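Visitor: I would like to learn how to read the packing and the strand pairing in a model of this kind. Could you take me through it feature by feature?

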Amino acid sequence: MNRSERFHALTEQRSFDLVVVGGGATGLGVALDAALRGFSVALFESHDFAGGTSSRSTKLLHGGVRYLAQGDIGLVREALAERATVMQIAPHLAQPLPFVMPSYSWWQTPFYGFGLKLYDLMAGRAGLGHTEILNRQRTEAALPGVRIQGLRGGVRYWDGQFDDARLALALARTAEAAGALVFNHVEVTRLERERNGFDVQVTDGPTGAVRHLRAACVINATGVWVDALRDKVDGPSAGQMPHRLVTPSQGVHLVVDRDFMPGDSALLVPKTRDGRVLFAVPWLGKLILGTTDTPREDLPREPQAFAEELSFILSESAKVLARPVRREDVRSVWVGLRPLVTPPRSERGGTQVISREHTVVVDPSGLVTVTGGKWTTYRAMAEDVLERCFSAHLLPRRPGGLSASHRLLGAPEPGVPAVPIHSAPGPHLYGSCAPELTRCPGGDVSLGMGLTEAMVRYAIRSEHALTVEDVLARRWRALFLDAQAAARMAQRVAAILEEEGASAPGLPSFLSLCEHYLPGPLAT
């Protein structure tokens, strides 16, 4: 069905077991799990799938080395197991990656080597490779571009990386194939509690059309915006909401060319001058530097990096890279807001000590809210959400576990060699769906950065893309890799969208967004 037909289907069906609000990692995971259990599911995302935090991660599937240091053993064990699961169900989008911690002090290699050996033991059969102690020469070979002055050696261990936005898209399309109705650019504008369920009002962004449907259960998976949706609920229990669930924190990432560190390993500095972790991660032909952990009170859709955050990343990376990165070397800057779980008032502190674990809350209205967590554990979070729905008698209990082995759309057959995620973007990111590109004209017309006209048409026809931003930020990661290059590609993408029937490609707003992703004047 095309978009208008699918939206009309809401009018015909009217009633759903489950409505999920939010099309990021968590919401999409819930929608897929519920659909696989045979529930009728509708999901609504007010912007684009993974348009918020879920497309702005450090691109790592990890057990959490820093959480191990904090003694959070349970979180690390769960994440290590889930890391392996994601790689099995989407091997074209999630893969192992070696990390190297360079040592500049005599104690660093044995100290971090011991901790990472423990990390291996905790992973068990889900491990991706063995931790190794490296001498100076092997460290230089593993990290070409590392600062060699004072280098004593290093430790190599294994974690995972992925393409977060395309994995979210694969989840959306897989949930759809399992029977769910999933919509981007449709906002839930009102929730009213009724007997045995909710009246849900949704508004289509492109057309302004309004629909009402009924849901036995509503899941609030809107990330840092969960409290805003909780405020929208009308009915007898309105105003009885408990304390706010989210304390937002922002993480900043810079993207530079791979020639600063052209190897195939990531670099990790476990402790910078203020205690934060610094990554240098090869990804889609570029190098990601990050991240920060800065509290903020507001919740902008497109947060901007603070000047001190950019300076922090540049100065800390200069301590470990042979060639320091300058502001003019930065191709793109992106900022994500983390939905950290708010502790009781008496325990509040810096966001580095706030829990990274997720929480599930059933409000007096019956609205089920899930927040916190991270990409690696999205599937386990979905299972926890549905278990809470069962225990609260909002849905009839049905057996689960199918999502652990249900391969996502595009996953190639076992044994098919995977192109590394850190390679430049290309057709391999479509996995087994790549042959479908040949059905769209323009496969031989390049728009830049590996994107062809056929890929744009495929994004519109098969991947729910409606705007230039949808195409160049999340179907293809041009904006996140090189904002200036994305701006140069935007006009032709807008023209293709119009040819394919898009009513509002959003070219001016995307060009403005490209300026936002450049390291120009920053907020102070």
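Guide: Let us start with one side chain. Leaving aside neighbours within four places in sequence, Leu-479 is in contact with Ser-332, Leu-472, Ala-473, Ala-486, Phe-510, Leu-513, Cys-514 and Tyr-517, where contact means heavy atoms within 4.5 Å. This is a predicted model, in which local features need pLDDT of at least 70 and side-chain atom pairs count only at pLDDT 80 or more, whereas totals for chains, interfaces and linings use all residues. Residues are numbered from 1 along each chain as its sequence is written, and side-chain values use heavy atoms, with hydrogens and water left out.

Visitor: Which residues touch the most other members of the largest nonpolar core?

Guide: In soluble globular proteins, nonpolar side chains tend to be buried together. A nonpolar core is a set of buried Ala, Val, Leu, Ile, Met, Phe, Trp, Tyr and Cys residues joined through side-chain atoms within 4.5 Å, and buried means under 20% relative accessible area with a 1.4 Å probe, protein chains only. Here the largest core has 112 residues, and Leu-18, Ile-219, Leu-472 and Leu-479 touch the most other members. Apart from that core lies another of 29 residues, among them Val-252, Leu-254, Ala-305 and Leu-310.

Visitor: How should I read the strand pairing around E1?

Guide: Strands (E, at least two residues) and helices (H or I, at least four) are DSSP runs numbered from the N terminus, and two strands pair if DSSP finds at least two bridges between them. Strand E1 (residues 15-21) has five of its seven residues buried; E1 pairs in the parallel sense with E10 (residues 210-220) over six bridges, with Val-20 partnered by Ile-219. Four bridges also join E1 to E2 (residues 41-45), again in parallel, and Val-21 stands opposite Phe-44 there.

Visitor: Which way do the side chains of E13 point?

Guide: In a regular strand the side chains alternate between the two faces of the sheet. In E13 (residues 266-269), Ala-266 and Leu-268 point one way and Leu-267 and Val-269 the other, and all are buried. Phe-99 of E4 (residues 94-103), a strand that pairs with E13 in the parallel sense over two bridges, stands opposite Ala-266. On E14 (residues 278-283), which runs antiparallel to E13 over three bridges, Ala-280 is the bridge partner of Leu-267.

Methods: Buried means under 20% relative accessible area, exposed over 50%, partly exposed in between (1.4 Å probe, protein chains only).
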